[in-house]
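Hi,

Here is the model I promised to send over. Have a look at it first, and then read my notes below.

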Amino acid sequence: MAHFVEDLQHEAGAAIAAMQQAALAARHAHARAELMRHMLTTARKVKDKPKAEAVETVVTEWMDAWHLARAEWPHIAREMEAFTEAFYDYANAPTDAHDARLRQTVEALDAALAREGTTISDQMAYRSQCAHGWWEWVRPTPVDLPGRKERPGVPQPSAGEPFWQAGCPDFCK
């Protein structure tokens, strides 16, 4: 039979693990949602321009914000173009068909990023100038991220670790 202190340690460990999983899930969902909100806002700003011009403007802005050179990432740029076209269409007519196309292009962009070992939420969190600081405290930007740029507006956690590990002595990890 476990004793009181052991029971408390087990309960605490389970609660900490649940908190970590919840924090990671929240970061993933929030970063994706923020990208989609930014994309829709941007698409609405350019919806009165000709489609080709509007898409080019948004893709260029997005690729620049994420520090991805189009010549070095043409496969990502192609998916981003389709993704942006879907947002443009949705901004001009928010129909179920355009919503379905948005969902398809998000899946395709996610798949292209997955082949590079990343996700939409990681790209948004690691590269965007619009990143929310708490994302960095849940999953810090890898120091060896290709094209990594310092983002002065995004607070950095100590030692590049999630908040539940930063500053914690070895015995409490």
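Helix 2 buries Ala54, Val55, Val58, Val59, Trp62 and Met63. Keep in mind that this is a predicted model. Looking down the axis of helix 2, those buried residues sit within an arc of 150°, so they line one face of the helix. Among what covers the buried residues of helix 2 are helix 1 and helix 3.

As for its length, helix 2 runs for 15 residues and spans 21 Å from first C-alpha to last, close to the 21 Å expected at 1.5 Å a residue. Just after helix 2 ends, His67 adopts a positive phi of about 55°.

Now to one of the residues facing helix 2. Thr84 belongs to helix 3 and is buried, at a relative accessible area of 3%. Leaving out residues up to four places away in sequence, Thr84 touches Val55, Val58 and Val59, plus Met39.

Then the core. The largest nonpolar core has 37 residues, and the ones touching the most other members are Leu35, Met39, Trp62, Ile76, Phe83 and Phe87. Helices 1 (4-46), 2 (51-65), 3 (74-92), 4 (96-115) and 5 (120-127) each contribute at least two residues to this core, with helix 3 giving the most, nine residues. So what does Phe87 contact, neighbours within four places in sequence aside? The partners are Met36, Met39, Leu40, Ala43 and Leu102.

Cheers

Note on methods
Residues numbered from 1 in each chain as written. Predicted model: local features only at pLDDT ≥ 70, side-chain atom pairs only at ≥ 80, totals over all residues. Heavy atoms only, no water. Core = buried A, V, L, I, M, F, W, Y, C linked by side-chain atoms within 4.5 Å. Buried < 20%, exposed > 50% of the residue type's maximum accessible area, 1.4 Å probe, protein only. Helix = DSSP H or I, 4+ residues; strand = E, 2+ residues; numbered from the N terminus. Contact = heavy atoms within 4.5 Å. Expected span 1.5 Å × (residues − 1). Arc of directions from axis to C-beta.
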